[in-house]
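The following note sets out points for a colleague who is examining the model. Please read it alongside the sequence and the coordinates.

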Amino acid sequence: MPESPICMPRVLFLLLVFGGAAAWHLDSSAQEAVKEPRPRIGLALGSGGAAGLAHIAILQAFDEIDQRPARIAGSSIGAIIGALYAAGLSGVEIEALFAEFSGSGVELLGQLASGENGIELTEMIDLDLGGGGLLDPTPFFDFLRERVAARRFDDLEIPLTVVATRYFSGEPVAFEEGDLFQALRASMAVPGLLQPVTHEGELLVDGGISNPLPWDRLGDDLDYLIAVDVSGQRDPVDPGSVPANELLFKTFELMQQSIVRERLKNNPPDLYLRPEVEGIRLLHFHRIDEILRQTGPTVDRMRQALQQLLSSKP
């Protein structure tokens, strides 16, 4: 039986409509298949006391270009700031958090660190002369808990590695699971200043002692590694005028810098950044605005490197 003259155009119409839609779908899927993902960036944030507030400016630059690290590793202050970012806070929010805390007693710590007179130890946040450290960091961590929902590593949005040091062996220990705040307390336990932490029968102290800039803990499955070294600058002074607390803090920084230099010789990251933060001592957390301002040139360098990296990807 011959085909109806009305049936053939209808068939052609259906073929054009659905065939074109199928072709568009296949073309779109093919484009998605060949489109490469953005590079996976690992970010290591180093130990360095108040100079580590420079890490905040680094994270703000990530936010500005809408790029998040795929993984973060940190020691001491780098672990603290890395954890806040991994928990979902923006760089601006982290800055506001530290600015708020610096108005609650940290300025007194800064004055003590600078050797200024007139500061009574009893005016400081919390003293703990018998617990293995001068200061009890509990008020600081209580402050963080009130502002961060994460309690365990599994609660974080970005995988995080926190580095501490085994006191008796001097070996680094890396935390990637379990209690987040216990790991952070161990990572920032500067000997003689903050209480050490007991974990599974071991005494743990500051991660900066064994691995102050842990880019080696980021893994081998990333495209690009960035390491931010905030181990400090030493301003020349009259050798006879250096106070005892300054010698103690700067000796700790010298040790960290020596470790980083040796590790850079063998397996450097793709981008090594060292903010030129001058005149900032270990406990100068109240000088956050100045620290962020001085970090500007380093942020510009990182932003250019990231933009070049991203533009090289389809």
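Which residues are buried in α6? They are L180, F181, A183, L184, A186 and S187, where buried means under 20% relative accessible area, exposed over 50%, and partly exposed in between (1.4 Å probe, protein chains only).

1. Basis of the note. This is a predicted model, in which local features need pLDDT of at least 70 and side-chain atom pairs count only at pLDDT 80 or more, while totals for chains, interfaces and linings use all residues. Residues are numbered from 1 along each chain as its sequence is written, and side-chain values use heavy atoms, with hydrogens and water left out.

2. Overall composition. The chain has nine helices and 10 strands; helices (H or I, at least four residues) and strands (E, at least two) are DSSP runs, numbered from the N terminus. Of its 314 residues, 47% count as buried. Among contacts with a separation of 6 or more, 74% join residues 24 or more positions apart, contact meaning heavy atoms within 4.5 Å.

3. Helix α6. Because six of the eight residues of α6 (residues 180-187) are buried, this helix is largely enclosed by the rest of the structure. At the start of α6, the backbone nitrogen of F181 has a side-chain oxygen of D179 within 3.0 Å. A polar contact, as the term is used here, is a pair of N or O atoms within 3.5 Å; within protein, one must be able to donate a hydrogen and the other to accept it, and residues adjacent in sequence count only if both atoms are side-chain atoms.

4. Helix α3. In α3, 10 of the 10 residues are buried, so this helix too is largely enclosed by the rest of the structure. Just after α3, G88 takes a positive phi of about 115°.

5. Packing of α3 against α6. Helix α3 (residues 77-86) packs on α6 at an angle of about 155°, and the axes are 8 Å apart. Axes are lines fitted to C-alpha atoms, for helices over the stretch in contact, and angles run from 0 to 180 degrees between N-to-C directions. The two helices are therefore roughly antiparallel; angles under 35 degrees count as roughly parallel, over 145 as roughly antiparallel, 65 to 115 as roughly perpendicular and the rest as oblique. The contact involves A79, I80 and A83 of α3 with L180, L184 and S187 of α6. By class, these residues are five nonpolar, one polar and no charged; Ala, Val, Leu, Ile, Met, Phe, Trp, Tyr, Cys and Pro count as nonpolar, Asp, Glu, Lys and Arg as charged, and the others, Gly among them, as polar.

6. Packing of α5 against α6. The axes of α5 (residues 138-145) and α6 come within 11 Å and cross at roughly 140°. That angle makes α5 oblique to α6. T138, F141, L144 and R145 of α5 meet F181, L184 and R185 of α6. This contact has four nonpolar, one polar and two charged residues.

7. G74. This residue lies in strand β2 (residues 71-75) and is buried, with a relative accessible area of 0%. Leaving aside neighbours within four places in sequence, G74 is in contact with L45, A79, T161, V162, V163, S187 and P214. The C-alpha atoms of G74 and L43 are separated by 8.4 Å, although the two residues are 31 apart along the chain.

8. Two buried polar side chains. Q60, found in α2 (residues 54-64), counts as buried at 17% relative accessibility. A polar atom of the Q60 side chain lies 3.4 Å from the backbone oxygen of G91. S210, in the loop between β8 (202-205) and β9 (224-228), counts as buried at 16% relative accessibility. The side chain of S210 makes a polar contact with that of T165 at 2.7 Å.

9. Backbone points to inspect. Most residues other than glycine have a negative phi. D66, which is not a glycine, has a positive phi of about 55°; D66 is in the loop between α2 and β2 and is exposed, with a relative accessible area of 61%. E200 has a positive phi near 50°. The loop between β7 (197-199) and β8 holds E200, which counts as exposed at 72% relative accessibility.
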